[in-house]
Amino acid sequence: MLLRRATESGRVLFSQDADLLRLAASFQRLGIEFAGLLYVHQLRLNVGQVVEDLEVAAKALDPEEIANRIEFLPL
């Protein structure tokens, strides 16, 4: 499972996959720890805007701050 593998690697995931969003929300409800998820709907932003927001998130968020959270782009 991608979310668990990312957590084992200490990596926050970025996704546009609604199924992964639902899985992360389920992890939150069940108290299952995960490294964090940055999510944007496929039609919400263009690629350039996504890259800019991911750069801001990488600089602004410590791994401890996003652990077990879902953050929606745009920030």
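**Aromatic pairs and overall fold**

Phe-72 is partly exposed, with a relative accessible area of 46% (buried means under 20%, exposed over 50% and partly exposed in between, using a 1.4 Å probe and protein chains only). The model is a predicted one, in which local features need pLDDT of at least 70 and side-chain atom pairs count only at pLDDT 80 or more, while totals for chains, interfaces and linings use all residues. Residues are numbered from 1 along each chain as its sequence is written, and side-chain values use heavy atoms, with hydrogens and water left out.

Two aromatic pairs turn up in the structure. Here, rings of Phe, Tyr and Trp (its six-membered ring) pair if their centres lie within 6.5 Å; planes under 30 degrees apart are called stacked, those over 60 edge-to-face, and the rest tilted. Phe-27 and Phe-34 make up one of them: the ring centres sit 6.1 Å apart and the planes meet at 75°, so this pair is edge-to-face. Both partners are tucked away, with Phe-27 buried at 4% relative accessibility and Phe-34 buried at 2%.

Tyr-39 and Phe-72 also pair edge-to-face, at 5.9 Å centre to centre and with 80° between the planes. This pair ties together distant parts of the chain, since Tyr-39 belongs to strand E2 (residues 37-39) and Phe-72 to strand E3 (residues 70-72), 33 residues apart. Tyr-39 is buried, with a relative accessible area of 6%, whereas Phe-72 is partly exposed.

Now for the chain as a whole. Its secondary structure amounts to four helices and three strands (DSSP runs numbered from the N terminus, with helices being H or I of at least four residues and strands E of at least two). Starting at the N terminus, the order of elements is α-β-α-β-α-α-β. The radius of gyration is 12 Å, close to the 11 Å that the globule rule gives for 75 residues, so the chain is as compact as a globular protein of that length (the radius is taken over C-alpha atoms, and the rule is 2.2 Å times the number of residues to the power 0.38). The C-alpha trace spans about 35 × 25 × 20 Å along its principal axes.

Of the 75 residues, 31% count as buried. Taking contacts (heavy atoms within 4.5 Å) between residues at least 6 apart in sequence, 62% join residues at least 24 apart.
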